[in-house]
Amino acid sequence: LYCEGNKLTKLNVSKNTKLTKLDCPWNKLTKLNVSKNTKLTKLNCEGNKLTKLNASKNKKLTKLDCSDNKLTKLNVSKNTKLTDLDCSGNKLTKLNVSKNKRLKSLRASKNRLKTLNVSKHKALNRLYVENNRIKKINVAKCKKLEDLFAYNNKLATINVKDCKSSIMVITDKKTKVTGKKLIRKVDKIEGFAIWSKEGRDSLGK
């Protein structure tokens, strides 16, 4: 079901029990009940006005995009098959992804997170946590991690020792990246520090 970019204030899919994909981004939904849609593998409800989202019955989900809503809590403990999660642009103070070990891409930027534990996520390839309040992040076992955006946080250091050699890390200028011999350059426009093996000096190069 695809209904992007309308002005929907309500969407009832309780009778559509065979749905596998639901795309309803950029509407005006304040509620979304997907408890009857147990066959969903993809759910995109980005850019609505949701304050709550219960995906506990959607155990087959591999992709969930609930970004740019008004969520204060998000429980994904039952969604163990998730490979892609985007919850950026909400009001989350906590995010527990300990049960989501299949994650390849995690976007949690523009929230109010103070901590995030991805220490057991060996499949993780992309991690975007910029614009939060994170003081410490452990990516020790993220051996496939290539992109880590972590600027506008409260991080003193990030150890990327076991991450991919081609990793690119974007941090505040004061943050130190350890564990690999990476070249640090400052983006002339944004002012962020870009750490990479190639010594990139801007986000676009």
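Leaving aside its neighbours within four places in sequence, with which residues is Val-139 in contact? The legends below begin with the whole chain and then turn to this residue and others.

**Figure 1. Overview of the predicted chain.** This is a predicted model, in which local features need pLDDT of at least 70 and side-chain atom pairs count only at pLDDT 80 or more, while totals for chains, interfaces and linings use all residues. Residues are numbered from 1 along each chain as its sequence is written, and side-chain values use heavy atoms, with hydrogens and water left out. The chain contains 14 strands and zero helices; helices (H or I, at least four residues) and strands (E, at least two) are DSSP runs, numbered from the N terminus. The radius of gyration is 18 Å, close to the 17 Å that the globule rule gives for 205 residues, so the chain is as compact as a globular protein of that length. This radius is taken over C-alpha atoms, and the globule rule is 2.2 Å times the number of residues to the power 0.38. Along its principal axes, the C-alpha trace spans about 55 × 30 × 30 Å.

Figure 2. The accessible surface comes to about 11,500 Å², and carbon and sulfur atoms contribute 47% of it; the areas come from the Shrake-Rupley method with a 1.4 Å probe. Of the 205 residues, 46% count as buried. Here buried means under 20% relative accessible area, exposed over 50%, and partly exposed in between (1.4 Å probe, protein chains only). The chain carries 53 positive and 16 negative charges, whose mean positions are 10 Å apart. Lys and Arg count as positive and Asp and Glu as negative, whereas His and the chain ends are not counted. The place of a charge is taken as NZ of Lys, CZ of Arg, CG of Asp or CD of Glu.

**Figure 3. The surroundings of Val-139.** Val-139 is located in the loop between strand E8 (136-138) and E9. With a relative accessibility of 1%, Val-139 counts as buried. Beyond its neighbours within four places in sequence, Val-139 is in contact with Val-118, Leu-127, Leu-145, Ile-158, Asn-159, Val-160 and Cys-163, where contact means heavy atoms within 4.5 Å. The C-alpha atoms of Val-139 and Ala-123 are separated by 11 Å, and the two residues are 16 residues apart along the chain.

**Figure 4. The aromatic pairs.** The structure holds two aromatic pairs. The rings of Tyr-128 and Phe-149 have their centres 4.8 Å apart and their planes at 80°, so this pair is edge-to-face. Rings of Phe, Tyr and Trp (its six-membered ring) pair if their centres lie within 6.5 Å; planes under 30 degrees apart count as stacked, over 60 as edge-to-face and the rest as tilted. Tyr-128 belongs to strand E7 (residues 126-128) and Phe-149 to strand E9 (residues 147-149), so the pair ties together parts that are 21 residues apart in sequence. Both Tyr-128 and Phe-149 are buried. In the other pair, the ring centres of Tyr-151 and Phe-192 are 3.9 Å apart and the planes lie at 20°, so the pair is stacked. Tyr-151 lies in the loop between E9 and strand E10 (157-159), and Phe-192 in the loop between strand E13 (183-186) and strand E14 (193-196), so parts that are 41 residues apart in sequence are tied together. Tyr-151 is buried at 12% relative accessibility, and Phe-192 is buried with a relative accessible area of 12%.

**Figure 5. Residues with positive phi.** Most residues other than glycine have a negative phi. Trp-26, which is not a glycine, has a positive phi near 55°. Trp-26 is found in the loop between strand E1 (21-23) and strand E2 (42-44) and is partly exposed, with a relative accessible area of 41%. Asn-152, likewise not a glycine, has a positive phi of about 55°. The loop between E9 and E10 holds Asn-152, which counts as partly exposed at 36% relative accessibility.

Figure 6. Asp-84 is found in strand E4 and is partly exposed, with a relative accessible area of 22%. Apart from neighbours within four places in sequence, Asp-84 is in contact with Thr-62, Lys-63, Leu-64, Leu-103, Ser-105 and Arg-126. Ser-77 is found in the loop between strand E3 (63-65) and strand E4 (84-86). With a relative accessible area of 30%, Ser-77 is partly exposed.
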